Amino acid sequence: MDPQRTCIGCRAVDDQSAMIRLVRVGNDVVDGTAPRLPGRGAYLHEGCADVAERRQAIRRAFGPNAKWKRGPQRDMMVDGPR
Ligand SMILES: [Zn+2]
């Protein structure tokens, strides 16, 4: 049986393996699922990312200065060629 974790988006308890692990690195919150990053972590269903963002769940879990880096796709959209 997998360890159980609470999703910071929907607050449901689920298998740890069903969720991504978020870790705070400096003021950035990044996906620390694989390779598994050490440090303070929180768990989130991948599909609950929007809910978590709307609920300010990241800031509640990691503190007011934490900024969520939501993966390379978003950065590429911002920095990519027009
Ligand atoms: Zn969830």
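## A guided tour of the chain

Of the 82 residues in this chain, 20% count as buried, where a buried residue has 20 or more other C-beta atoms within 10 Å of its own, an exposed one has 12 or fewer, and a partly exposed one falls in between, with the C-beta atoms placed from the backbone. The model is a predicted one, in which local features need pLDDT of at least 70 and side-chain atom pairs count only at pLDDT 80 or more, while totals for chains, interfaces and linings use all residues. Residues are numbered from 1 along each chain as its sequence is written.

Followed from the N terminus, the elements run β-β-β-β-β-α-α-β-α.

Next, select strands E5, E3, E4 and E6, which in that order form an open sheet of four strands with mixed pairing; two strands pair if DSSP finds at least two bridges between them. Its edge strands are E5 (41-44) and E6 (67-68), each of which pairs on one side only. Strands of a sheet pair through backbone hydrogen bonds, either parallel or antiparallel. Within this sheet, look at strand E3 (residues 20-25), which pairs with E5 in the antiparallel sense over four bridges, and then pick out Leu 22, which stands opposite Ala 42 in E5.

From E5, step back to the loop between strand E4 (28-31) and E5, where Pro 35 is placed. The peptide bond leading from Ala 34 to Pro 35 is cis, with omega near -5 degrees.

Two further loops each hold a residue with a backbone angle to inspect. Most residues other than glycine have a negative phi, and most peptide bonds are trans. Select Arg 11, in the loop between strand E1 (4-6) and strand E2 (13-15), where phi is positive at about 65 degrees although the residue is not a glycine. Is Arg 11 buried or exposed? Arg 11 is exposed, with 11 other C-beta atoms within 10 Å.

Finally, move to Gln 56, in the loop between helix H1 (49-54) and helix H2 (57-62). Gln 56 is not a glycine either, and its phi is positive, near 60 degrees. Gln 56 is exposed, with 10 other C-beta atoms within 10 Å.

Definitions and conventions
Helix = DSSP H or I, 4+ residues; strand = E, 2+ residues; numbered from the N terminus.
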